[in-house]
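Have the structure open while you read.

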Protein chains: 2
Amino acid sequence: MDATVKRKARPPKGTRVQPPRLAEPAHESDGAHLELRIWLRLLSCATRIEKALNARLRKEFNTTLARFDLLAQLARRPAGATMSEVSELLMVSNGAITALVQKLEADGMIHREVDSEDRRTFRLRLSQEGAKEFGRMARRHEEWVIALIGELSPVAQSDLLQHLTLLKRRLDKHT
Amino acid sequence: MDATVKRKARPPKGTRVQPPRLAEPAHESDGAHLELRIWLRLLSCATRIEKALNARLRKEFNTTLARFDLLAQLARRPAGATMSEVSELLMVSNGAITALVQKLEADGMIHREVDSEDRRTFRLRLSQEGAKEFGRMARRHEEWVIALIGELSPVAQSDLLQHLTLLKRRLDKHT
DNA sequence: TATTGTTATACTCTATAACTATA
DNA sequence: TATAGTTATAGAGTATAACAATA
């Protein structure tokens, strides 16, 4: 879904004297504080990867990253999870979860059973085909991610992971 | 209803080999490839920061990150930019840009002038109040980002920036 | 014919608040 | 009263495709 924005063509005339610059969603990224530059680059990378993954999930599986993430949470919890738990895990409101779950249930990817002890709650679980389909998606997803990130050297990768982990810990405390 | 449904609850002790982990929106993140773990952490960090910034922009300035980013692009281009240029810079479709621009114009943040040489195109520029308001937003924005990221040591920050820059370059080539 | 930008349409994700049914 | 989840509503962002004006 990229590479087709036809803006390569540039008005041949004009008195524009700006230096050539790579597309950079930055606010004065050059003199700015380190923190700002990190954030802009982080956002840029995440957006790029997210768009790529979303487009491919749509194309190959007719689904989205949000749904994929919900399935992933259930996939690692054979005992299932409640709506509220999923809501917290995905950091998304209860109402939004209801919508996602309805869609996934309608597609036959998950089912919900009333909890035997508290009839207000459901346990969500992958259905059998849901588990299979998620397996297919997860494999492709991983291939895509490896293709996108795998060009970095192993050392760079492990450094990057380490620093992101550090950042995430700070955010966990700070948010 | 086993009361402590939270994932944090753990057997009091044990022979765990794995490091303690916080809630992690991951798909089997432990045995997974490095690339996958990087992506999940990257996404997690970006989402957290983005949500925080969006909420604050909404609260203090009644605006959004998408609009802020568009303004930021104009702020660094005194000569202005066309719709298509902005579309490319923000990696967003032309139709979506029209919507954003209409909103910002209605708010008096920007104006658009018909290009004297090509009457199909507009030049978008910050209005005077737009520039002032953007200045206020940018200052706050930077404070927030510094507060969120600034807990990392300077060394960690510069390493992180370096690795993200590397990643971004690969993505530029690869996407 | 090609390009710039608009419009119409639709879809996804999201939050909030009022609501229901349990507890 | 408090909690789990639903519904109704609203709004942002997005893409696509058909279209108009201009090149």
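How many salt bridges does the rule find across the interface of chain B and chain A? The rule finds two, where a salt bridge is a side-chain nitrogen of Lys or Arg within 4 Å of a carboxyl oxygen of Asp or Glu. One of these links Asp172(B) to Arg48(A), with the closest N and O atoms 2.9 Å apart.

Before going on, a word on the model: it is predicted, so local features need pLDDT of at least 70 and side-chain atom pairs count only at pLDDT 80 or more, while totals for chains, interfaces and linings use all residues. Residues are numbered from 1 along each chain as its sequence is written, chains are lettered from A and ligands numbered from 1 in the order in which they are written, and side-chain values use heavy atoms, leaving out hydrogens and water.

The contact (heavy atoms within 4.5 Å) takes 76 residues from chain B and 75 residues from chain A. About 8,000 Å² is buried between the two chains, with 65% of that from carbon and sulfur atoms; buried area is the accessible area (1.4 Å probe) that two parts lose on being put together, summed over both. On chain B's side, Trp39(B), Arg48(B) and Arg76(B) lose the most area to chain A, together 9% of what that side buries.

Now for the DNA. 26 residues surround DNA strand C, counting those with a heavy atom within 4 Å of it.

| Residue | Protein atom | Distance |
|---|---|---|
| Ser93(A) | polar backbone atom | 2.6 Å |
| Thr98(B) | side-chain N or O atom | 2.6 Å |
| Phe122(B) | backbone N or O atom | 3.2 Å |

Note on methods: A polar contact is a pair of N or O atoms within 3.5 Å; within protein, one must be able to donate a hydrogen and the other to accept it, and residues adjacent in sequence count only if both atoms are side-chain atoms.
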